[in-house]
Amino acid sequence: MTGLSDAFALFGLERRFSVDRPAVQTQYYALSRECHPDRVTGQSPAAQLESARRMSELNDAYRTLMDPHRTREHLIALVVGPLANSETGKKTGTALPLELAEAWFDLQEKVLEDAATASGRIAAFEADLRAWASRLEETALAAEQVYDRSGDRDQLTVLQGILQQQSYLTSLTRDVAQLSARLRIKREGA
């Protein structure tokens, strides 16, 4: 969601990770009928603009609450603050997983040394990435459940760190795919 809009408040919901998505959808249809720009077609330009703004805000809130990952990011941003430090622009919280970074650098080095084993090494590394992502997601879901039961804000800080690691994994997965593609092109051109 953009800005400081609170998707939970817009739908009259408690700030929790477990969202009743069918109820959100029902509420969305009811609210959209009330504020849809077609309802103010004959009114002033200001009223039409306000209706379009409200509908856009409603659409953003709906998309946020219907997607568990966006809900996670939104709730954390509302309660703890944005993931990036606004003063430095740098991410805060948990550092990048050093073990994974070292494995990535090691993979790149070994692939350059021995192209014959590159495919197998890359496949093994991709499997490690998937396992790491799965463990992170399990930890995130557990932290969400604790937060929903107790309101423990420390869980949100844990989740902030997990979001950073998930972002790192996404970037690393993209880098691995690019490395694999370069090797394929190199083999086909050789």
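A residue counts as buried when its relative accessible area is under 20%. Asp 60 has 15% relative accessibility, so Asp 60 is buried. That is a value from a predicted model, as is everything I'll say today.

Asp 60 sits in helix α3, and so does Arg 63, three residues away, about one turn of the helix. The two form a salt bridge, with their closest N and O atoms 2.6 Å apart. Arg 63 is partly exposed, at 42% relative accessibility.

Now the helix itself. Helix α3 runs over residues 45-66, which is 22 residues, and spans 31 Å from its first C-alpha to its last, close to the expected 32 Å. Its buried residues include Ser 51, Met 55, Leu 58 and Tyr 62. Among the elements covering them are α1, α2 and α4.

Arg 53 is partly exposed at 42%, and Glu 50 is partly exposed at 35%.

On to another pair. Arg 72 forms a salt bridge with Glu 144, the closest N and O atoms being 2.5 Å apart. The salt bridges come to seven in total.

Last, Gln 155, in helix α7. Gln 155 is buried at 17% relative accessibility. Beyond its neighbours within four places in sequence, Gln 155 contacts Ala 143, Val 146 and Tyr 147.

Key. Residues are numbered from 1 along each chain as its sequence is written. This is a predicted model: local features need pLDDT of at least 70, side-chain atom pairs count only at pLDDT 80 or more; totals for chains, interfaces and linings use all residues. Side-chain values use heavy atoms; hydrogens and water are left out. Helices (H or I, at least four residues) and strands (E, at least two) are DSSP runs, numbered from the N terminus. Buried means under 20% relative accessible area, exposed over 50%, partly exposed in between (1.4 Å probe, protein chains only). Contact means heavy atoms within 4.5 Å. The expected span of a helix is 1.5 Å times one less than its number of residues. A salt bridge is a side-chain nitrogen of Lys or Arg within 4 Å of a carboxyl oxygen of Asp or Glu.
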